Amino acid sequence: MRDVLPWREAVAPDGTMGEPRARGRFGGYGGRYAPESLVEACREVEESFREAWADPGFRGALARLLAVHAGRPTPLTPARRLSEALGVELYLKREDLTHTGSHKINNVLGQALLAIRMGRRRLIAETGAGQHGVATATAAALLGLEATVFMGERDIERQALNVFRMRMLGAEVVPVTTGSRTLKDATSEAMRHWVGATGDSHYCVGSVVGPDPYPWMVREFQRVIGDEARGQCAAELRTGVPDHVVACVGGGSNAAGTFAGFADTPARLVGVEADGGAGAARGRLGVLHGCRSLFLQDDDGQIIQAHSIAAGLDYPGVGPEHAHLRDLGRARYVTVTDGEAVGAALRLARTEGIVPALESAHALAWVIRAAGDGDLPAGSTVLMTLSGRGDKDVSTLKELL
């Protein structure tokens, strides 16, 4: 399946990717659909985040941690051999080179500092591919916090390395045995646990999903990707701004952070979803995990189980701002199959010496396909966020290659 809406050249006139409207709305999406106890907790998170984000001391402390602990800025790497083969100029924003191996650390360090500011001593998190769980465990160890990570039993089996890393870092990993035993169910269990622990714990949401202010807050913590890439492209690309900006989308945090740096430019934004988890491409309006967005549903409005070889894309919906960007036509959302993603991972390994996470391989698979069928014109400049490294997926790839 290809794009849902045609391109629109102009940047949306309503301040796209700025602060959401009242009650955390991005157009008709977003909101704060939660039990009263969590509504109050979310209000406190929002108030604390607004104060912190306006505080140069907080911003400076986060910037220092991102530099000295996470290893920012990450480089912009030209994929020279692959570019020559595809007939485009492909540049990779290397989030795989951050400490812990993915973009997740950007958001987690911000939320961990916020938790301390709020007087919380424990982080609660959900994880699918394990990268958000590892980042949460890492930040907790660094800053002297406790961490409890909920993870679907199926994902625990296929991401054993990351489970070991979390436990080695001192986090408690709680298996979730209900439902599909993947990311959706881990998120549900984490939110249920938070209901009884709001007094001493902060729920560290890993993507641009959940009740307000999380979709906005997580995007702002991930905006560092797009802001860095914008400056790097201005310095290194002949066009200054890439023709296309591409990122994989599960809930959509790495894409939101990347897109935020280019929303006010003519760059065409492309979010790439797993074929079996395409909330933006195939979802219907609904409410899940505290927000109104697009989710895979049956005719009775029940959530349909998502399927993806990439555990981080195994989510049946998309963040509300992505749904809004889709409706505006500012971003285009496309899908890629498991087979295409595996092929793209192998091709990047053999042409550029980089083994990507299977999530990131979805974005690359679309670039390869689009260059081949003319959807990316010859000579186009393409920025793609390589959201994570592929160490965690080696056992999966070993079985398939």
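Mentor: An axis here is a line fitted to C-alpha atoms, for helices over the stretch in contact, with angles from 0 to 180 degrees between N-to-C directions. This is a predicted model, where local features need pLDDT of at least 70, side-chain atom pairs count only at pLDDT 80 or more, and totals for chains, interfaces and linings use all residues. Residues are numbered from 1 along each chain as its sequence is written, and side-chain values use heavy atoms, without hydrogens and water.

Trainee: At what angle do the axes of α4 and α9 cross?

Mentor: Helices are DSSP runs of H or I with at least four residues, numbered from the N terminus. Helix α4 covers residues 104–117 and helix α9 residues 214–236. Their axes come within 8 Å, and the crossing is at roughly 120 degrees.

Trainee: Which word describes α4 relative to α9?

Mentor: Under 35 degrees is roughly parallel, over 145 roughly antiparallel, 65 to 115 roughly perpendicular, and the rest oblique. The crossing at roughly 120 degrees therefore makes α4, relative to α9, oblique.

Trainee: Which residues of α9 does α4 meet?

Mentor: Contact means heavy atoms within 4.5 Å. From α4 come K104, N106, N107, G110, Q111 and L114. Their partners in α9 are Y214, M217, V218, F221, Q222, V224 and I225.

Trainee: Is K104 buried or exposed?

Mentor: K104 lies in helix α4, and UniProt, in an unreviewed entry, lists this residue as "modified residue: N6-(pyridoxal phosphate)lysine"; such annotations may be inferred rather than shown by experiment. Not counting residues up to four places away in sequence, K104 touches Q131, H132, A135, G206, S207, Q222 and S253. Buried means under 20% relative accessible area, exposed over 50%, and partly exposed in between (1.4 Å probe, protein chains only). K104 has 15% relative accessibility, so this residue counts as buried.

Notes: Helices (H or I, at least four residues) and strands (E, at least two) are DSSP runs, numbered from the N terminus.
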